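Subject: The structure you asked about

Hi,

Here is the structure for you to open and turn around on your screen. Have a look at it first, then read on for what turned up.

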Amino acid sequence: MRKIVYDIATTLDNFVAREDRTVDGFIMEGEHAEEYLERIKGYDTVLMGKNTYEFGFSYGIEPGKPAYPNMMNYVFSRSTQYPTEIGIKVINENQITFIEELKQTVGSDIWLCGAGTFAGFLLNHQLIDQLILKVNPVMFGKGIPLFGDISRELKLDLVNSKTYDNGVILQNYDINYL
């Protein structure tokens, strides 16, 4: 069975973006960034919510085109439908069933990109298997939370961690649902 891996940058106070959805303040260069770019090459599928997908528009992604052309892109939205090209599909109904079936297919681990609210939704349905957090040495005080609204208790087993010279800490956890 394929795992869903929430591989995300966060602040020390657990925000993935500012309230205006910008990410200035995150350290974007260095060994941790190079390792991240190498790591995402290992995913063949990416899941993201509508807000994460649309965040990419400000970086040149065109609506209906894959954000990550080397992966199958699934955008989850109940309210949006884009005419899509090969490599991207909008999932607007039966989302839990779709993800459960996707996890049963052959392929690499599945990357949960961006998220926040969508991550909370997936955690509440016990669908995320692993967390890879790139904790940046900054606190926003408010913004888009790392997990949105979660309503369950989780136990995290630390798989490994690494501290970089620039202050970023990589933390890798397996999730155990209680």
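Before we start, one term you'll need: a residue is called buried when its relative accessible area is under 20%. Keep in mind, too, that this is a predicted model.

**The helix H3**

Let's begin with helix H3, which covers residues 95–103. Which of its residues are buried? They are Gln 95, Ile 96, Phe 98, Ile 99, Leu 102 and Lys 103. Looking down the axis of H3, you'd find these buried residues within an arc of 160 degrees, so they line one face of the helix.

As a reminder from class, strands of a sheet pair through backbone hydrogen bonds, either parallel or antiparallel.

You can walk through some of the pairings yourself:

- E3 and E6 run parallel and are joined by three bridges; Leu 47 has Leu 112 in E6 as its bridge partner.
- E1 and E6 also pair in the parallel sense, over three bridges, and here Ile 4 stands opposite Ile 110 in E6.
- E1 and E7 (residues 130–136) run parallel, with seven bridges between them.
- E9 and E10 (residues 169–177) run antiparallel and are joined by nine bridges.

E9 and E10 make a hairpin, with five residues between them. In the turn, look for Gly 167, which has a positive phi of about 100 degrees.

**E1 and Asp 7**

Is E1 mostly covered or mostly open? Mostly covered: seven of its eight residues are buried. Asp 7 is found in this strand, E1, and it counts as buried, with 2% relative accessibility. Its bridge partner in E7 is Ile 132.

If you leave aside its neighbours within four places in sequence, Asp 7 is in contact with several residues, including Tyr 36, Trp 111 and Leu 112.

**Other salt bridges**

How many salt bridges does the structure hold? The count is 13.

In one of them, the side chains of Asp 44 and Arg 2 meet, at 2.5 Å from N to O. Asp 44 sits in the loop between helix H1 (31–40) and E3, and Arg 2 in the segment before E1, so the pair ties together parts that are 42 residues apart in sequence. Asp 44 is partly exposed, at a relative accessible area of 30%, whereas Arg 2 is buried, at 5%.

Another salt bridge is formed by Lys 65 with Glu 85, with 3.6 Å between the closest N and O atoms. This pair links distant parts of the chain, 20 residues apart: Lys 65 is in the loop between helix H2 (50–55) and E4, and Glu 85 is in the loop between E4 and E5. Lys 65 counts as partly exposed at 30% relative accessibility, and Glu 85 counts as partly exposed at 41%.

The last pair to look up is Asp 157 and Lys 155, a salt bridge whose closest N and O atoms are 2.5 Å apart. Asp 157 is partly exposed at 29% relative accessibility, and Lys 155 is partly exposed at 42%. Lys 155 also has a place in the sheet, standing opposite Asn 176 in E10.

Happy exploring!

Note on methods: Residues are numbered from 1 along each chain as its sequence is written. This is a predicted model: local features need pLDDT of at least 70, side-chain atom pairs count only at pLDDT 80 or more; totals for chains, interfaces and linings use all residues. Side-chain values use heavy atoms; hydrogens and water are left out. Buried means under 20% relative accessible area, exposed over 50%, partly exposed in between (1.4 Å probe, protein chains only). Helices (H or I, at least four residues) and strands (E, at least two) are DSSP runs, numbered from the N terminus. The arc is that of the directions from the helix axis to the C-beta atoms. A salt bridge is a side-chain nitrogen of Lys or Arg within 4 Å of a carboxyl oxygen of Asp or Glu. Contact means heavy atoms within 4.5 Å. Two strands pair if DSSP finds at least two bridges between them.
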